[in-house]
Protein chains: 2
Amino acid sequence: MHSLHAFFFPRSVAIIGASTDPERIGGRPLRFMVECGFAGALYPVNVNGVAEIQGHTAYRSVLEIPGEVDHAIVAVPVAGAEQAVRDCAQKGVKAVQVFTAGFAETSSEGAALQRRITDIARAAGMRLVGPNALGLLNPGIGLFATFSTALNGLRPRAGSIGLATQSGAFGSAAYGMATLRGLGLSRVIATGNEADVDVAECIEYLAQDDDTSVICAAIESCRDGARLRAALLQAADAGKPVVIMKIGHTEIGAAAAATHTGSLAGNDAVYDTVFAECGALRAHSIEEMLDIAYVCVTAKQLPANAEIGIVTGSGGVGILMADNATELGLTLPPLPEATAQALRDILPFAVPANPYDTTAQVTAVPDGVTRVMSAMAAGSSCATHFAYLAHVGLSPARFAGTERALCALRAQHPDRLFVLVMLSEAGVNSRLEAAGIPVFQDPTRAVRAVAGAARLRALREQLHRLPAQLPPASEPLPPVSNESEAKAVLATAGIPVLPEHLCSSAAAAVRAGELVGFPVVAKIVSPDIAHKTEIGGVILDIADAGALAAAFATLIARASAAAPQARIDGVLVAPMLKGGLETIIGIHSDPVFGPMALFGLGGTAVELFKDVAFASVPLTPERARSLVHQVRASRLLRGWRGGPMYDEAALVDALCRVSALAAAHAGELEGIDINPFVVRTQGAYCLDALISLRPAR
Amino acid sequence: MHSLHAFFFPRSVAIIGASTDPERIGGRPLRFMVECGFAGALYPVNVNGVAEIQGHTAYRSVLEIPGEVDHAIVAVPVAGAEQAVRDCAQKGVKAVQVFTAGFAETSSEGAALQRRITDIARAAGMRLVGPNALGLLNPGIGLFATFSTALNGLRPRAGSIGLATQSGAFGSAAYGMATLRGLGLSRVIATGNEADVDVAECIEYLAQDDDTSVICAAIESCRDGARLRAALLQAADAGKPVVIMKIGHTEIGAAAAATHTGSLAGNDAVYDTVFAECGALRAHSIEEMLDIAYVCVTAKQLPANAEIGIVTGSGGVGILMADNATELGLTLPPLPEATAQALRDILPFAVPANPYDTTAQVTAVPDGVTRVMSAMAAGSSCATHFAYLAHVGLSPARFAGTERALCALRAQHPDRLFVLVMLSEAGVNSRLEAAGIPVFQDPTRAVRAVAGAARLRALREQLHRLPAQLPPASEPLPPVSNESEAKAVLATAGIPVLPEHLCSSAAAAVRAGELVGFPVVAKIVSPDIAHKTEIGGVILDIADAGALAAAFATLIARASAAAPQARIDGVLVAPMLKGGLETIIGIHSDPVFGPMALFGLGGTAVELFKDVAFASVPLTPERARSLVHQVRASRLLRGWRGGPMYDEAALVDALCRVSALAAAHAGELEGIDINPFVVRTQGAYCLDALISLRPAR
């Protein structure tokens, strides 16, 4: 039994700080649970010693309650909160919710108080939700253990969507909207300050909860990345879709990041990556989250592929849906000839195609719509079939026959999704939904929701499970203060670098030039000059010894002029590599989710279009390849417009090696930039590198 | 009086092909108008000679009707349609709708029949909607002149949104959805095959119609681009927002386009451009179209700027809205100190900011929400103020005071938009809407709709009015069969090209090389080789006479090997230009909208990210600059990451000259590609050009 179970299935609930005024914060939970018929024991607690509160015997302290208390709500002023939690611990309460505010969200004293109540709870083996929490619901048993005024206007009904949010108000908005559109909820919980229970753990609980089949969640921040990953993967493994919102695209700190990779990562791209790797779909509005959840709970499955068939009574709407679908990555396969013939037999005047415009003729053919849908489904591999039926659902009597036939069709094809788009009455929708058929008003929203469900399915098939234990490094990284040292580290890890020499005199440079072969490149090397090109610190295509000696002098002079205080380690002499595609390989150590690999193709695509992709490390070759292919510009690697095929295998190998290096040294690394990493038609080379280590602790 | 007026305000309506069965196509219009209390005369016409149809005296022919007929509906089988139209013309009917199908949409005979009925109508000065039309509505007078079964389930109410669509079914979907959400409609019309009246003319009519304040439209194709432009501009000048959908992103033919520009233009980008230039906002779903129209009709104005203020009782929802807003180009200016102080005075514990999280404290302060909104509005320049009020609208009695105060606040600030986001009952919404305050459930949809309205305002301030008469060319373009001739045409138009020589022998090439100065570029010139680089037909950076002579031979050999049949005009010798940014300037002659200019920055940005922008020609320098700035990669021109400032003035001048050339020769040109057009820190040059002329007629 999961330890959060006690919150949702208590045999008894104590409300500490209960109020006789059913409108006050301490009065509402009691009122809601009484009104909604919660069958467990309800124990109002109030220090003022009233005998009865809202018809229930009241107690001065939770310790005075005669029976056991499974779930206690603390709704007292902040000054009394610690004592209340202590009393709960002493009483042996299993689960305590702290509604009281004034903790870590307000001041350092509040944070200290929060740590104290957390310690009390942990020591007693008591789980704690909050503080600063709005409450939780289990509508199936009338447990409305919340002070949200949302319940003044609506009553969530039982269903199979579980909802976990940090913000209570955000949660209220979501379950309010869900309730108004008729969606039922298994559990609702707001975690508030997350002193103990966080959204990740709620997802883990919902993944195990039999009443929940789809999980919706919203987070503002995450403190334990590993737990969130594990919870999302657990939900995926349980076959429960997770639709999650991440609120706040905070880019604070991105500008000041130590590496270019770090600044590209920001906050948002990393969350996107982790969600996708763990099979969760990110939604960008509450409505979108609910639309996708609606398709999942109604159809009780995810589409097995991204192929769709569309039957429509309106050519225009069919084309609109096809446009929307194509933009979202769904495909409309052409009809097989046998299907086309079957359709011609049913509607001789309509042209068989996908989308299939039945024309108005369909209304003249008995069971026209369902016969057509049946023919489309029988003959195709499409996992999802849409029917646009205009406004027939507004005339339930006229629609009754079609409705029954559609429900029967759905039963015949339990492996397919059938989705209707039409204007209709609530009763019509309920019957169709009960048969497993989602109904939408807006064609575009229907397509978007199915695209979301199809993406959930695709994500589930390519989960990224990190090794439980990252492969340990045999020894820590050496200090890395310049390009030369960074390349040495990379070379040791098997990442190809060119033969290069760090030279401290013009004569040494010339010797190096002769060793590696002209033409060469010369670059200033200094731990204090991160952006060499901006000070003219790189000279390309040096043809001979004379030019190289001159270049050495020029570089030293430029460095001294641009940064008089800079320590100069010397001049790096390397062969001049021509041709190939410039790419970027990076590592960003995310404080929450750990090291992430970045890949992009050089220049404007990265800078202007943020055409980069991230993946958690370490990478398998397969996942490295998928990382490369997520980048739009990666088409340039594969014979774009008659161009050559570049050595993708060498690139993938380098990505795997960099990611393994990052995994092995996760605790030491701030980030890595390999920019450019040049991929040629044979082989690939790191031409410049920056490794940033964490300050030693 | 606009000639479409007669369709919507007829004193009498004849239904030719009227049926005694109120469920049949010929029976429904009569039934709907009777049920909805249309006050004009209704004349059923049926050749079968029934005396009475649905309680109205029936006639054998429209010619037998005693009184005048303003509006006639033709709902007879296709065989009788021509005679019916002819009778209408003879009767002096002002406006005829043809519901009958089987015309241009089915066969060439149908197309011929369509031309005949159109000619009959035109000769008689009778306007014709259809054929294959679904009907039109004027809900204010109960004119439901349609056979749409949508009216079985709902009755559109009068309001001020005008809706014009080609597809009747698409129109039914849109007004059905509008009606279900309580939006009123001034006029609805479906134009069907558009033999006479098209959507553009309907927009023109609605722009003049006093009952209409916002126009929604959907088109699948447009045959008269000039008329559509004129209609959209007329609506913009009348201060009526137009929200328009273009259905079908058909890219057919794009692959086979004569120019690169043509293939980038496709169909969709040109529509996007024309809509924006004429002040219309393109929507991509019916719901989005209605959301924007809802804000416009309710607020009765467009936001004067893109600045928004957000007041929220939930930090999370506030951040979500701020995220959404920023992505859509809205801005959240920080609060002026005076406003911050005013807010601190009202809610001491809340931190003044935008978005402003009132915290739960606001509920404890009398009139808290409205006082806060008032302070925000008084102290800021934001045209739009959002308030997220959770679910208060579900408790109308508790909300009544705030509701009144908000209505009063809105009256005090008639120049601002106030938009509420909350769950609420329909009655609450109606009262707020009547006071000019739109209400949304979903925070994201509220922000999107306001962003749409703000964009409409921005578009209106930069309308692109083409000259009534394009500047005529003094003489037609000469034949242009290769790069050399194309550059000559461009040079004559004042577009900078390098000094270049077309050489027919190695000796001539060497002389040319000495003339223009080494290093040089040599390129094969042939009308039959469009993609020179793909056959190795360009040799760069030729250092001296010997190398140039060899290059000449190599080029001729490569061309002969790759395309033995190709006519070879010679080898072009030009100075080798180094440095500068490669851009693309193009002209695409759109069959509907005429010549369009294209701009992009070379290479992957254009190919992979379609980072290009279009504008109708001719261009003013201001509009050319705006065209450049619409391209994301154009930041590279303006000192990107410490790089140089390129000569944007030279680029703008070239765009204007190319666009003037295209305007002057609109009838002759298929397209122009100037690729690359290299922009340097001083000056800019066309390095390669292709001009494609229309086949002479």
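Is B:Asn132 partly exposed or buried, and why? At 30% relative accessibility, B:Asn132 counts as partly exposed. Keep in mind on this tour that you are looking at a predicted model.

**Stop 1**

You will find B:Asn132 in the loop between β7 (127–129) and β8 (135–138) of chain B. Check its backbone: phi of B:Asn132 is near 65°, a positive value in a residue other than glycine. Most residues other than glycine have a negative phi, and most peptide bonds are trans.

Now select B:Gln54, in the loop that links β3 (52–53) to β4 (56–57) of chain B. B:Gln54 also has a positive phi, near 50°, and is not a glycine. With 25% relative accessibility, B:Gln54 counts as partly exposed.

**Stop 2: zoom out to chain A**

Show chain A as a cartoon and you have 23 helices and 29 strands to look through. Along its principal axes, the C-alpha atoms of chain A fill a box of roughly 95 × 80 × 35 Å. The chain has 697 residues, and 58% of them are buried. Take the contacts in chain A with a separation of 6 or more: 71% of them come from residues 24 or more positions apart.

**Stop 3: a loop residue and its partner**

Select A:Ala101, in the loop between β6 (95–98) and α4 (108–124) of chain A. A:Ala101 counts as partly exposed because its relative accessibility is 40%. What does A:Ala101 touch, leaving aside residues up to four places away in sequence? The answer is A:Val78 and A:Asn132. Draw a distance between the C-alpha atoms of A:Ala101 and A:Asn132: they are separated by 4.4 Å, although the two residues are 31 residues apart along the chain.

**Stop 4: an enclosed helix in chain A**

Next, pick α2 of chain A, residues 28–35. Six of its eight residues are buried, so α2(A) is largely enclosed by the rest of the structure. The buried ones are A:Arg28, A:Pro29, A:Leu30, A:Arg31, A:Phe32 and A:Met33. Note that two arginines, A:Arg28 and A:Arg31, are in that list. Just after α2(A), click on A:Gly37, which takes a positive phi of about 75°.

**Stop 5: the nonpolar cores**

A:Met33 turns up again here. The largest nonpolar core has 302 residues, and those touching the most other members are A:Met33, A:Ile203, A:Leu420, B:Met33, B:Ile203 and B:Leu420. A second, separate core has 92 residues, among them A:Leu601, B:Ala597, B:Val617 and B:Ala624.

**Stop 6: two cis prolines**

Back in chain A, zoom in on A:Pro355, in the loop between α13 (337–346) and β16 (356–357). The peptide bond from A:Asn354 to A:Pro355 is cis, with omega near 5°. Then jump to A:Pro618, in the loop between β26 (612–616) and α22 (621–630) of chain A. Here the bond from A:Val617 to A:Pro618 is cis, with omega near 0°.

**Stop 7: helices of chain B**

Select α8 (residues 225–237) and α10 (residues 268–277) of chain B: their axes come within 9 Å and cross at roughly 35°. From α8(B), B:Leu228, B:Arg229, B:Leu232 and B:Leu233 meet B:Val274, B:Phe275 and B:Glu277 of α10(B). Those residues divide into five nonpolar, no polar and two charged.

Then move to α17 of chain B, residues 443–460. How far apart should its ends be, at 1.5 Å a residue? Its 18 residues should span 26 Å, and the end C-alpha atoms are 26 Å apart, which agrees. α17(B) is mostly covered, with 13 of its 18 residues buried.

**Last stop: where the chains meet**

Color the two chains separately and look between them. There, 56 residues of chain A are in contact with 56 residues of chain B. Together the chains bury about 4,700 Å², 61% of it on carbon and sulfur atoms.

Conventions:
Residues are numbered from 1 along each chain as its sequence is written. Chains are lettered from A and ligands numbered from 1 in the order in which they are written. This is a predicted model: local features need pLDDT of at least 70, side-chain atom pairs count only at pLDDT 80 or more; totals for chains, interfaces and linings use all residues. Side-chain values use heavy atoms; hydrogens and water are left out. Helices (H or I, at least four residues) and strands (E, at least two) are DSSP runs, numbered from the N terminus. The expected span of a helix is 1.5 Å times one less than its number of residues. Buried means under 20% relative accessible area, exposed over 50%, partly exposed in between (1.4 Å probe, protein chains only). Axes are lines fitted to C-alpha atoms, for helices over the stretch in contact, and angles run from 0 to 180 degrees between N-to-C directions. Contact means heavy atoms within 4.5 Å. Ala, Val, Leu, Ile, Met, Phe, Trp, Tyr, Cys and Pro count as nonpolar, Asp, Glu, Lys and Arg as charged, and the others, Gly among them, as polar. A nonpolar core is a set of buried Ala, Val, Leu, Ile, Met, Phe, Trp, Tyr and Cys residues joined through side-chain atoms within 4.5 Å. Buried area is the accessible area (1.4 Å probe) that two parts lose on being put together, summed over both.
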